[in-house]
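Me: I'd like to go through the packing in this one. Can you take my questions as they come?

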Amino acid sequence: MTIFVNKPRSNIPALLIVFIIFLILGVLFSKYFATASSQHSLDSFKVIHLNWFTEIIFRNTIAFLVLSSTLFLGNIVSVIFFCVNGFNVGLICGQLPIFQSIVLLSPHGVIEITSYIWLVYAVTHVNHMKINIIRSYCLLFLAAIIEVFVTPGLALWLLGD
């Protein structure tokens, strides 16, 4: 039957919906069940450390490799990946005012999520898989650059004293 044919293109909107649902769940959990509130100080943005960049690249690369395992382990990996990431982003957003969440997460987050979506597309489509995986990682690298070198200045400018 054609019902069971894997249609990878239809998975991408579903993954975004899963991400958004778990983001909302993370915010709700953070608002109503988290006991310790983490206060983020803008003072930490005044000095940019190169080790931030290497740490972020390392974490993003691990996430990239985990999501790449969708190629071998199936779409369940991508669903779990977007659930966990959505919930984690929601936990952060739940601890911050809305505008601060947008300023701190949007500049790199949109590119990072796009990178992960592109990766899922790349590993579920045979055509040009290698180049699309490379492009996806380049986007992830760009997101790390923005997270370390652009977001702190933007946060100080928009949220600072």
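Reply: What follows covers helix packing, aromatic pairs and nonpolar cores. This is a predicted model, where local features need pLDDT of at least 70, side-chain atom pairs count only at pLDDT 80 or more, and totals for chains, interfaces and linings use all residues. Residues are numbered from 1 along each chain as its sequence is written, and side-chain values use heavy atoms, with hydrogens and water left out.

Me: At what angle do H5 and H6 pack?

Reply: About 180 degrees, with the axes of H5 (residues 98–124) and H6 (residues 129–159) 8 Å apart. Axes are lines fitted to C-alpha atoms over the stretch in contact, and angles run from 0 to 180 degrees between N-to-C directions. The two helices are therefore roughly antiparallel, a label for angles over 145 degrees. Helices here are DSSP runs (H or I, at least four residues), numbered from the N terminus.

Me: What residue classes make up the contact of H5 with H6?

Reply: There are 22 nonpolar, seven polar and three charged residues. Nonpolar is Ala, Val, Leu, Ile, Met, Phe, Trp, Tyr, Cys and Pro; charged is Asp, Glu, Lys and Arg; the others, Gly among them, are polar.

Me: New topic. How many aromatic pairs in the whole structure?

Reply: Eight. Rings of Phe, Tyr and Trp (its six-membered ring) pair if their centres lie within 6.5 Å; planes under 30 degrees apart are stacked, over 60 edge-to-face, the rest tilted. Phe53 is in H2 (residues 50–68) and Phe149 in H6, 96 residues apart.

Me: Is Phe53 buried or exposed? And Phe149, how accessible?

Reply: Phe53 is buried at 14% relative accessible area, while Phe149 is partly exposed at 41%. Buried means under 20%, exposed over 50%, partly exposed in between (1.4 Å probe, protein chains only).

Me: What about Phe81 and Tyr116?

Reply: That pair is edge-to-face, 4.9 Å centre to centre, with 75 degrees between the planes.

Me: Which residues have the most contacts inside the largest nonpolar core?

Reply: Leu67, Phe81, Phe82, Tyr116 and Ile117, in a core of 15 residues. A core is a set of buried Ala, Val, Leu, Ile, Met, Phe, Trp, Tyr and Cys residues joined through side-chain atoms within 4.5 Å. H5 gives the largest share, six residues.

Notes. Parallel < 35°, antiparallel > 145°, perpendicular 65-115°, else oblique.
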